[in-house]
Amino acid sequence: MKKFTNFKLNMYTDILFGKGTASKVAQKVRQHGGSKVMLVYGEGSIKKSGLFDIVTGALNSEGIPFVEFGGVRANPYRSEAYKALELAKKENVDFLLGVGGGSVIDTAKAIALGLDYEGDI
């Protein structure tokens, strides 16, 4: 019989959706103890819509440093998550902010997992 080790895993996700919520991201980062953010987003609609400026403006106004990982495509490859993970580790990121749809959010979750796990994400 295999021996089992007890553990606790908490993968907290806070999803904000709706009018005016983008301007509150810096408050959420602070609330959850973030000090350096990786902004994960898709292939460009965030910039065309003005959402990028709102989110980065909120982070800048609170003095929260961030790095960008853009270009996440629909049905992203795991290699993209590993590329972002390498950047997140290099930049000492402690907070992942996925701004976009399911592929962006899933990529951000994979990066978050990889920050604390040395195995294959």
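These legends describe close-up views of a predicted model.

**View 1. Helix H5 and its span.** Helix H5 covers residues 102–116, 15 residues in total. From first C-alpha to last, H5 reaches 22 Å. That is close to the 21 Å expected at 1.5 Å a residue.

**View 2. The buried side of H5.** Five names make up the buried set of H5: Val104, Thr107, Ala108, Ile111 and Gly114. They cover an arc of only 125° around the axis, so they sit on the same side of H5. The cover over these buried residues includes strand E1 (37–41), helix H4 (78–90) and strand E3 (95–99).

**View 3. Threonine 107 in its setting.** Threonine 107 belongs to helix H5. Its relative accessibility is 5%, and the cut-off for buried is under 20%, so threonine 107 counts as buried. Which residues does threonine 107 contact, leaving aside neighbours within four places in sequence? They are Val40, Val72, Pro76 and Ala81.

**View 4. Helix H4 and its span.** H4 has 13 residues, which should span 18 Å at 1.5 Å a residue. The end C-alpha atoms of H4 are 19 Å apart, in agreement with that figure.

View 5. Asparagine 75 lies in the loop between E2 and H4. Most residues other than glycine have a negative phi. In asparagine 75, phi is positive, near 55°. Is asparagine 75 buried or exposed? Its relative accessible area is 67%, and exposed means over 50%, so asparagine 75 is exposed.

**View 6. Asparagine 92, a positive phi after H4.** Asparagine 92 follows H4, in the loop that leads from H4 to E3. Its phi is positive, about 55°, although asparagine 92 is not a glycine. With 60% relative accessibility, against a cut-off of over 50%, asparagine 92 counts as exposed.

**View 7. The largest pocket.** The largest pocket holds about 1200 Å³ of space. Its lining has 34 residues. Which of them are closest to the centre of the pocket? They are Asp14, Phe95, Leu96, Leu97 and Gly98.

**View 8. What lines the largest pocket.** Helix H1 (25–31), helix H3 (51–61), E3 and H5 each give two or more residues to the lining. H5 gives the most, with seven residues. By type, the lining of the largest pocket divides into 20 nonpolar, nine polar and five charged residues.

Key: Residues numbered from 1 in each chain as written. Predicted model: local features only at pLDDT ≥ 70, side-chain atom pairs only at ≥ 80, totals over all residues. Heavy atoms only, no water. Helix = DSSP H or I, 4+ residues; strand = E, 2+ residues; numbered from the N terminus. Expected span 1.5 Å × (residues − 1). Buried < 20%, exposed > 50% of the residue type's maximum accessible area, 1.4 Å probe, protein only. Arc of directions from axis to C-beta. Contact = heavy atoms within 4.5 Å. 1 Å grid on protein atoms, 1.4 Å probe; cavity = no way out; pocket = protein on both sides within 12 Å on 5 of 7 lines; lining within 4 Å. Points joined across faces, edges and corners; volume = space filled by probe spheres on them. Nonpolar A, V, L, I, M, F, W, Y, C, P; charged D, E, K, R; others polar.
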